[in-house]
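Dear colleague,

Please find below the structure for your review. My notes on it follow.

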Amino acid sequence: MAKYESSVKQVPYPQQAVYRNISDLSNLERVRHLVPEDKINSFSFDRDTVSVDVPPVGQITLRIVDRDEPKCVKFETEQSPIPFHLWIQVLPTGDASSKIKVTVDADIPFMLKAMVSGPLQDGVEKVADALAMIPYE
């Protein structure tokens, strides 16, 4: 398994508000308009799963497998070219602010590791950036 971690991102919302939003994926409806249609062909979700078709990677479906309120939500792949686990940590930095970090633990075959490590690290960072920009009100 290979681990990829985002940098820590500051979020100007309380820990509980951030956790409440990321632990129920149906809240993605509020930010659906922010998903770039030229980068993602299909985007669907319910309370526990999210599915996207990302060219040239293909279909990726993630399911929430653990909720550790109010500090962490863990996901695992149901469908993906490379199996992985993803977790989002949320920690308070004050009464009205928090910080987040995204971690991916991927089962990458040795022969592919050099080719996918860079894009995977970049993807983890982009997910963290996107999560830091969401209004968690």
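How many residues does helix α2 have, and how far does it reach from its first C-alpha to its last? Helix α2 (residues 110-133) has 24 residues and reaches 34 Å, close to the 34 Å expected at 1.5 Å a residue. Helices (H or I, at least four residues) and strands (E, at least two) are DSSP runs, numbered from the N terminus.

This is a predicted model, in which local features need pLDDT of at least 70 and side-chain atom pairs count only at pLDDT 80 or more, while totals for chains, interfaces and linings use all residues. Residues are numbered from 1 along each chain as its sequence is written, and side-chain values use heavy atoms, with hydrogens and water left out.

The chain holds 2 helices and 8 strands, in the order β-β-α-β-β-β-β-β-β-α from the N terminus. Of its 137 residues, 40% count as buried (under 20% relative accessible area, with exposed over 50% and partly exposed in between; 1.4 Å probe, protein chains only).

In α2, a kink of about 55° lies at V116, shortly before the proline P119; the bend is the angle between axes fitted to the seven residues ending at a residue and the seven starting there. V116 is among the buried residues of α2, as are V124, E125 and A128. The cover over these buried residues includes β1 (2-5), β2 (9-11) and α1 (15-22).

S6, in the loop between β1 and β2, is buried, with a relative accessible area of 6%. The residues that S6 touches (heavy atoms within 4.5 Å) include V124, E125 and A128, not counting residues up to four places away in sequence.

Yours sincerely

Notes:
The expected span of a helix is 1.5 Å times one less than its number of residues.
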